[in-house]
Amino acid sequence: MITVSQTLATIQDSSAEEVVSQCIDRIETSKFNTFITVAKESALEAAKKAEGHTGPLAGVPIAIKDNISTKGIQTTCASRILGGYIPPYDAHVIERLKEAGAVIVGKVNMDEFAMGTSTETSHYGPTLNPWNTETVPGGSSGASAATVAAGEVPLALGSDTGGSVRCPASFCGVVGLKPTYGVISRYGLISYANSLEQIGPIASNVADMTLLFNVIAGHDPRDSTSVPGEKEYTKALVDDVKGLTIGVPKEYFGEGIDQAVEKSVWDGVHRLEDLGASWQEVEMPHTKYALAAYYVIAMSEASSNLARFDGMRYGLRLEKDHDWHTTYSEIRALGFGEEVKRRILLGTYALSAGYMDKYYLKALKVRTLIKQDFERALKSTDVLIAPTMPTPAFKLGEKISDPLTLYMADVNTVPVNLSGVPSISLPCGFSNGLPIGLQIMGKHFDEETIIRTAYTFEQNTELHTKAPEVV
Amino acid sequence: MREESLKLRPYLDEVGVMIGLEIHVQLNKLNTKIFCGCPLDYHDDGPNTHTCPVCLGLPGSLPVINRKSVEYSIKVGLALNCSIEEHTQFYRKNYYYPDLPKGFQITQYDYPIASSGYINIEGEDGEVRVRINRAHMEEDPGRLVHEGGSIERSKYTLIDYNRSGVALLEIVTEPDIRSPKEARRFLDKLRNILEYLDVVDTTLEGSMRVDANISLSGGSRSEVKNISSHKGAERALLFEIVRQKNLLRRGGKVVQETRHFDEARGVTVSLRTKEEAHDYRYFPEADLVSLRVADWAPGIAKTLPELPDARRERFVSQYDITDDHAKSLTSEKKVADFYEQVAAEVDSKLAAVWIADVLKGELNYRDLGIDAFASANMVQMVKLLAGDKITEQSGVEVIRTILDEGGTPDEVVAAKGLLKAGGDLVTAAVEEVISENPGAVADYQNGKQEAVNFLMGQVMKKTKGRADAKEVRKMIIQRV
């Protein structure tokens, strides 16, 4: 894996062009199917312009999940229906990255429209986990994590709707953050479930992740849910947890949890205890309803958010037009994959007259209870610690044919999205050569405390120096 | 309060007509669209020239509410005697249509901005109240242009998204309207109020679009969609009543359906007989946070201008004019402003007569607005009339001349020699006529009354119409 400081040093020694060019070579010879679109020309041009740029990421290559709009670069959401779509505008985070001097090297693979936990639902084929190519990289930002783990780029952006940044960070042994809802503008993020999702930074270590987060966070008047104010998150990079109280929710160590995962996470809690923190068990009784509520809400929102994809003005178009009803349904039948169709249909059903109260409104009530769980648990504690995923990366094809089992894997990540709190996943151990992720959750808008906790943990372990052998 | 004493009408009168209206009002006096910064003054520009990722619904774009559109909506709500909800929330109405770029329309469902109001209008027999169920905000979709004009015959359809995202306020009445004429009066009154509030330019195409629901004797109702003028609404409703009556008379049954008003032929035609089982799957729009508007309303209430009903009452008491004149003068804000400018300088009663009864008629005949006549000219006119300088007949001629050829009253009077003839001139003319027509004088003296008319005619001819006819008659009778 490569760090930002290494990259900046190499730029000093040679040039941003040289660094970006080498980065593109690695991407083009990648064995993990990480990129959908490589923006070679525009990246080299941007690298040239980065000479003399004073931004914190001047000349640093970054990979962008393919559901974030990039002006002039194809953006497909890994779906056939958006094949060839080139956005005429940049997402807010892309504008910020460009201001900071970062170089967009291309768009990375993902689960189609961010629906999945394994990056196997992509129209462009699955991404492979660099630690073991027989396993999945996690999802839906699987390639964002895999490309960092494989040392192809130092930084990547993903999006997290129900764990889509933290799950692949956990499976690929990198660091990923799902910020508080409203801290990063969603302007330009192609919506899957808009009340849950946030763009999230991914890097090989906590400091780089924080640096990237610092660049992209902040108010944007084009997103009504964006909160005002700017913060200097890099100030939270402090190696100190003395006096910190950790809550450990027992419901997150439930049925189906891998023993190695359970042990590694507890080892992590004890390591922080050694460093001066204290811990206590907390109860989050509504956790068991979170998964059901999450899928009802996410699918309901998806059924509406994906209505705009009809092939009329962009994306997939058929040779022959019929009346508009028929044309729409033919394009959507061909353009969407199986998982996307499943979620659109279930979401449509959940919102229809007669079922709205039974499913959607009920799910909203559960959401309120989950929020209250977090508020209660975080009243007496500063952060919560739990496994990110109940298991290490599973095998390709192992769960994809059984959607319900696959959905179960999200049990520890979705409550965070329902409540809107921030959460980091970082490596805390290995099992059979596969990384294990530790999840640190915090209070709304208190990214500083979880960053400090994660940084202290990382600085006092050797885990972040490990990288998969990719050659 | 006067309004409180107005009773609701019986459920149905003997005709059994129930009409409810839904009026889509474009808030086209805003600078920008409801959810983005695109400008609204697109009417003279080419198609798709006022668009951005947001109003085109491009992937990743997000709506941001135009605060002024909320203020305007509250303003209208208050003027329609509605209560303003504490919170207002936007919803998504999901359906597919080619002019709808996102596959859903952002609108309001629960928690509309305003609800439970009313407007009083002139009914068939006295003032009646039409209740307003609610007024809710939403975005206008794009506009379909069928090549060749008709949807059936065109080979292809083009979409212009310039209109996409224009702020709409949909005003929904209870079925309290009893006749097409009342419907038109309601619409005129509503337009009048909107003009007073200065939130809509109603002269722009598509600024007020009407859907009308109509049923007879509580039977099934039909809905006539997208009527673009108030006159059209009256005609469409009249046609519907006759159609439904004839259907019932022949023993048929009115089916619930959606109909289209063909403005050119003056008929309604069926669009969808079996109402499609529409399930719009309304649910809250999470991209727009709920707005607490309770705090906005009191401040906005203070900025409300005097509304037509209040102004009418003030005109009667302040200017000592009849209620009919006051009604006529306040039915358009510009006319009322015009009247007040004139009344400030001359006799208010005389001004009311000349503006309401004469000028408005002449303007209407020429299809002109009040802007076509300068208030200074009306002031001059009324001064001439009040000073007994011209006759009423000449007054009408002056107005017509100014409207057709231009000029000021003084100029027209001078050019056409309309100044009322002085006493000496008339006396001389009478003397001349009497001496020139001894036969007619003799006829009158022998009891033939009509002879006076002949003599009067001769005098008028000599004075070129500038003499006051009544006075001339008096003088002739005295003299002979």
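Before any counting, a term: a polar contact is a pair of N or O atoms within 3.5 Å, where, within protein, one must be able to donate a hydrogen and the other to accept it. Keep in mind that this is a predicted model. Between chain A and chain B there are 18 residue pairs in polar contact, both residues being at pLDDT 80 or more.

On the chain A side, the elements giving two or more residues are helix H9 (287–305), helix H10 (324–335) and helix H11 (338–351). H9(A) gives the most, with five residues. By type, that side of chain A has 16 nonpolar, twelve polar and seven charged residues.

Now the extent of the interface. Chain A puts 35 residues into the contact and chain B puts in 32 residues. About 2,800 Å² is buried between the two chains, and carbon and sulfur atoms give 56% of that. In chain A, the residues that lose the most area to chain B are A:Ser224, A:Arg308 and A:Arg313, together 24% of what that side buries.

How many salt bridges cross the interface of chain A and chain B? The rule finds one. A:Arg186 pairs with B:Asp287, and their closest N and O atoms are 3.0 Å apart.

Last, the cysteines. A search of the whole structure finds zero disulfides over all chains. For B:Cys36, the nearest cysteine sulfur belongs to B:Cys52 and is 3.7 Å away. B:Cys36 is buried, at 13% relative accessible area. The sulfur of B:Cys55 lies 3.8 Å from the closest cysteine sulfur, in B:Cys38, so it is too far for a bond. B:Cys55 is also buried, at 5%.

Conventions: Residues numbered from 1 in each chain as written. Chains lettered and ligands numbered in written order. Predicted model: local features only at pLDDT ≥ 70, side-chain atom pairs only at ≥ 80, totals over all residues. Heavy atoms only, no water. Contact = heavy atoms within 4.5 Å. Buried area = accessible area lost by both parts, 1.4 Å probe. Salt bridge = Lys/Arg side-chain N within 4 Å of Asp/Glu carboxyl O. Polar contact = N/O pair within 3.5 Å; in protein donor to acceptor, adjacent residues only side chain to side chain. Helix = DSSP H or I, 4+ residues; strand = E, 2+ residues; numbered from the N terminus. Nonpolar A, V, L, I, M, F, W, Y, C, P; charged D, E, K, R; others polar. Disulfide = S-S within 2.5 Å. Buried < 20%, exposed > 50% of the residue type's maximum accessible area, 1.4 Å probe, protein only.
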